[in-house]
Amino acid sequence: MHTQFFGNFLLNKGVITPEQLIEALKIQSSTHKKFGTLAIHSGYMSASEVADVYITQTHYDKRFGELAMELGYLTPEQVDKLLTIQLPNYMLLGQILVDQKILTHIELENLITEYKSEYEIYELDMMEEQKNLVDKLLSSLYLPEELPNTQNIISYLTLLFNNLVRFIGEDFTPLNIMTLPEVPTSFCVSQMVDGSFAFMSALDMDPETAIAFASRYVDEEFNEFDEYVSASMEDFLNLHNGLFSVNMSNDYTLELHLQPPAAHENTVLATESPCYLLPVIYSFGTVNFIFSVTS
Amino acid sequence: MENVKILICDDSVLARKQLKDIIKKCGYDNFIEASNGQEAFDRYKEEQPDLAFLDIVMPVKDGVEAIRDIRGFDPKAYIVVVSSVGTQTQLKNAILEGARDFVQKPFSSSAIAEILKGRFEGR
């Protein structure tokens, strides 16, 4: 989970350029093994059991290991074992940068020490995904000061990052959030959410990025920007907002109501409130996430 | 199975395709499609399908309203609600309006097969 934060840390430090980071993430994405794959390789789970857990993850905001245990596919001991063989991703990102001769081993070691002390990371285990830690990273790195309903938005962004990891892949880096009166978009899907915490949410990307995004999300190869690609973007946004509304209902008895998602081309997004633009860099392109609190 | 007509109503073309793909594997391939609740009601009146899958959150007319209209027209309509995560309240309303069953996205082949079995077995 924390590769993206380490990547952002390196960008902010001026140690690497966005192009170098994208190249490193590309290499990392081809070497990354998912938890489910590790479980299959270890002989603990069948492919269909793993698929079952991935489907169940779309209904519950829970980690793979936790759900696999609840479903009786893994014992706590097996999860512990898998956690120890999971690749520590930011170490892997660092290693790739060393291999690319962008950093030396000594520079990497110093940067990791600095990163860890700055953000109080004591755990090297990247599967931990501790909510508090992510919250802390979010507050210290990305949030504009004037952001309304900060706690809800932190919950929302934490879930967004978790959903991107689960459904698209963890080879991404979020950049800093920009506050804008309006956001011009290219190929965009948006969804309004009503209730006591009402907001507008949207995903915007260029067609090539959308094709790659949809291919990963649906696990099917798309070759052109068509209605299925657009529907995949809508589906991801709808699923994400749906999970958020369940979390809000469970945790804060806050009932939200989802409007149908809609697709737009070359439009400008605006509400009566400021819009927040969060660019997320993937190896296949940049996914812009746009958010505006309307109540 | 050729005479069995199945209505699939969802505003997402992706969801319609995924559902059709699963149902085809179960041996049914006579589909009527709609992309909102009003269209679903109109197509239902024209075709009177044997089974209808209706999404809940849709533009123009949502699934709950469409169920009310369809059941008003045909009290014996066999309607299965397609729910997404986060639509629990609407799902409850859909069941109260007379939906016979529900299935959650993303679709599980076995859940769809069970619904088809429950509807058409012994016809």
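Strand β1 (residues 6-9) of chain B pairs with strand β3(B) in the parallel sense over four bridges; strands pair if DSSP finds at least two bridges between them. This is a predicted model, in which local features need pLDDT of at least 70, side-chain atom pairs count only at pLDDT 80 or more, and totals for chains, interfaces and linings use all residues. Residues are numbered from 1 along each chain as its sequence is written, while chains are lettered from A and ligands numbered from 1 in the order in which they are written. Strands (E, at least two residues) and helices (H or I, at least four) are DSSP runs, numbered from the N terminus.

| Strands | Sense and bridges | Facing residues |
|---|---|---|
| β1(B) and β3(B) | parallel, four bridges | B:Leu7 and B:Ala52 |

How well covered is β3(B)? Five of the five residues in this strand (51-55) are buried, meaning 20 or more other C-beta atoms, placed from the backbone, lie within 10 Å of a residue's own. B:Leu51, B:Phe53 and B:Asp55 lie on one side, with B:Ala52 and B:Leu54 on the other.

Now to the helices. The axes (lines fitted to C-alpha atoms over the stretch in contact, with angles from 0 to 180 degrees between N-to-C directions) of α2(B) (residues 37-47) and α3(B) (residues 63-73) come within 8 Å and cross at roughly 20°. The two helices are therefore roughly parallel to each other, the term for angles under 35 degrees.

Terms used: Angles under 35 degrees count as roughly parallel, over 145 as roughly antiparallel, 65 to 115 as roughly perpendicular and the rest as oblique. A residue is buried if 20 or more other C-beta atoms lie within 10 Å of its own, exposed if 12 or fewer, and partly exposed in between; C-beta atoms are placed from the backbone.
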